[in-house]
Amino acid sequence: MTVQPPVVAGSFYPADPGTLGSTVKGLLSSAPALDVPPPKAVVLPHAGYRFSGPVAASAAITLQPGIQRVVILGPSHRFAFKGVALPDAKAMATPLGELPLDRAECDALLAEPDVAVVPRAFAEEHSIEIELPFLIARLGEVALVPLVVGEISIDRLAALIRKLWGGEETLIVISTDLTHFLTAEQAAKIDLATAHNVEKTDGSRLSGRDACGHRPLSAFLKMAAEKGLRMTRTALTHSGAVTGDNTRVVGYGAWLAHEAEEARLSPTHRSAVLRVARQTLLSRARKGRPPEINLGSFPAPLQGIAPAFVTLTRKGRLRGCIGSLQPHQPLARDVLHNAVKAGFKDPRFTPITEAEIEATDLEVAILSAPAPMLFSSQADLRAQIRPGRDGLIFESKGRRGTFLPKVWDHLATPDAFLDGLKVKAGLPKDHWAEDVQVWRYVTETFSDRSAEMR
């Protein structure tokens with residue numbers, strides 16, 4: 001068994017080790033700092049570093065040593081085949097050194113009917129190789145499970161990813177570019193729709209028109225939805241931003257995927273959204289309307305779509321709370337819109353005044369995707385509820401209500417929490433029926449109570 005040589009060193013990225021090392025280090029040092037936990041997975045572009053290197057670096061900067069195995073999936077650009085390919089190699093070489101294959105995992109995969117050693121799939125392919133210098137720079141020597149994806153069903157590919165999922169020792173990398181050779185205007189529209197689907201963990205609508213790696217991306221998103229991962233955008237652009245030629249561009253995006261309870265914004269991004277939400281409340285109170293939102297002025301993680309609740313409290317008492325249960329608009333816009341609604345349109349309260357706003361605390365809760373709960377009885381449901389962690393959505397007889405996890409501060413037992421939620425939904429606290437449906441979610445919650453955020 002040989003070493004798989006690099007095929008695009010000297011074209012897509014520098015072949016000289018010193019130059020390549022400096023290039024990757026420069027890309028990473030120029031990436032916006034993200035003080036977030038290491039992700040379970042990343043989605044990275046795979047074009048020449050001149051074009052997509054900064055985009056890849058925007059996500060790769062979050063990777064931390066400690067990963068033992070990287071499962072990396074990319075599309076086949078030059079060779080058509082069915083199934084999934086592994087290389088006939090013991091390692092993959094880069095100018096920065098070799099990365100060994102995880103032979104145990106690779107050999108186990110070869111027992112699957114649609115996985116095979118296909119040397120031609122790697123002979124001219126760059127979608128795996130282009131990511132390796134970033135992995136070496138951030139993780140050092142890690143074992144690889146490199147998979148070039150051919151024609152295969154999304155369900156079957158998702159099943160293979162499930163087998164390789166592992167725990168904290170395993171990183172999943174999805175290598176894909178977005179639209180190819182459209183005008184910048186066309187690309188921006190389609191790429192934004194793709195970005196929204198990624199952030200909804202919904203790959204069902206993706207095709208080759210949207211992303212060259214649509215199969216691995218769609219299969220991963222199926223798994224991300226199953227696992228309840230939260231997708232955070234770190235960059236979205238196209239080649240025209242580099243070349244100045246907007247007539248024929250390639251789109252690039254990058255995302256982080258975190259377990260729902262691990263996902264969080266960096267402190268600077270939290271502070272930014274809280275500050276602008278408070279300014280929006282003040283503008284609405286003074287001028288009778290909120291300011292126009294320039295979404296492009298927000299960093300990429302705040303441009304991605306996510307659902308959020310905004311809670312206003314004054315002297316420890318609720319002053320308004322409005323939010324979204326499903327992702328439907330950019331996070332920054334959702335927070336600002338819900339801040340205005342909480343302050344001026346919550347039917348339980350009179351509109352907030354300018355004088356009140358300074359003494360009012362503002363709290364944001366970003367929701368994970370609600371996951372349906374399966375239960376055989378009300379007692380079974382109560383036993384599954386996790387105090388202090390779960391937000392719940394309760395629906396029955398056409399009525400629906402939700403409690404954020406913070407409500408556990410006041411309703412500390414599953415019985416009290418569930419009974420109170422029924423009442424909020426407009427049902428008796430002892431209500432139970434065959435049509436009851438319950439979803440749970442977790443939240444990332446932060447506020448501007450501390451003075452430095454004002």
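I began with the lining of the largest cavity, whose residues divide into five nonpolar, four polar and one charged. In this sorting Ala, Val, Leu, Ile, Met, Phe, Trp, Tyr, Cys and Pro count as nonpolar, Asp, Glu, Lys and Arg as charged, and the others, Gly among them, as polar. I note that the model is predicted, with local features needing pLDDT of at least 70, side-chain atom pairs counting only at pLDDT 80 or more, and totals for chains, interfaces and linings using all residues. Residues are numbered from 1 along each chain as its sequence is written, and side-chain values use heavy atoms, with hydrogens and water left out.

Cavities

Grid points are joined across faces, edges and corners, and the volume is the space filled by probe spheres set on the points. On this basis I found two cavities of 30 Å³ or more. The largest holds about 60 Å³, and its lining is made up of Leu34, Val36, Thr232, Leu256, His258, Arg264, Leu265, Ser266, His269 and Pro301.

Arg270 itself is found in helix α10, residues 267-287; helices here are DSSP runs of H or I with at least four residues, strands are runs of E with at least two, and both are numbered from the N terminus. Leu144 lies in strand β8, residues 143-149, and at 0% relative accessibility it counts as buried, where buried means under 20% relative accessible area, exposed over 50% and partly exposed in between, for a 1.4 Å probe and protein chains only.

Aromatic rings

I paired rings of Phe, Tyr and Trp (its six-membered ring) if their centres lie within 6.5 Å, calling planes under 30 degrees apart stacked, over 60 edge-to-face and the rest tilted. The count came to seven aromatic pairs. Phe375 sits in the loop between β16 (371-372) and α14 (378-384), and Trp432 in the loop between α15 (414-424) and β19 (437-441), so the pair ties together parts that are 57 residues apart in sequence. Both are partly exposed, Phe375 with a relative accessible area of 21% and Trp432 at 32%. Elsewhere, I recorded Tyr13, Tyr49 and Phe134 as one aromatic cluster.

For charges over rings I required NZ of Lys or CZ of Arg within 6 Å of the ring centre and within 35 degrees of the ring normal. Arg284 lies over the face of Phe344 at 4.4 Å from the ring centre, and Arg248 over the face of Phe181 at 4.2 Å. Phe181 belongs to strand β10, residues 180-182, and is partly exposed at 45% relative accessible area.

Backbone and burial

Most residues other than glycine have a negative phi. Phe181, though not a glycine, has a positive phi of about 65°. Thr201 also has a positive phi, near 50°; it is placed in the loop between α7 (184-199) and α8 (214-227) and is buried, with a relative accessible area of 12%. Gly426, which follows α15, has a positive phi near 90°.

In α15 I listed Phe417, Leu418, Asp419, Gly420, Leu421 and Lys422 as buried, with α14, β17 (391-396) and β18 (399-403) among what covers them. Last, I looked up His126 in the loop between α4 (119-123) and α5 (132-139), which is buried at 11% relative accessible area and, neighbours within four places in sequence left aside, is in contact with Val8, Phe12, His46 and His77.

Note on methods: Contact means heavy atoms within 4.5 Å. On a 1 Å grid over the protein atoms alone, a cavity is a set of points where a 1.4 Å probe fits but cannot get out, and a pocket is an open set with protein on both sides within 12 Å along at least five of seven lines; lining residues have an atom within 4 Å of a point.
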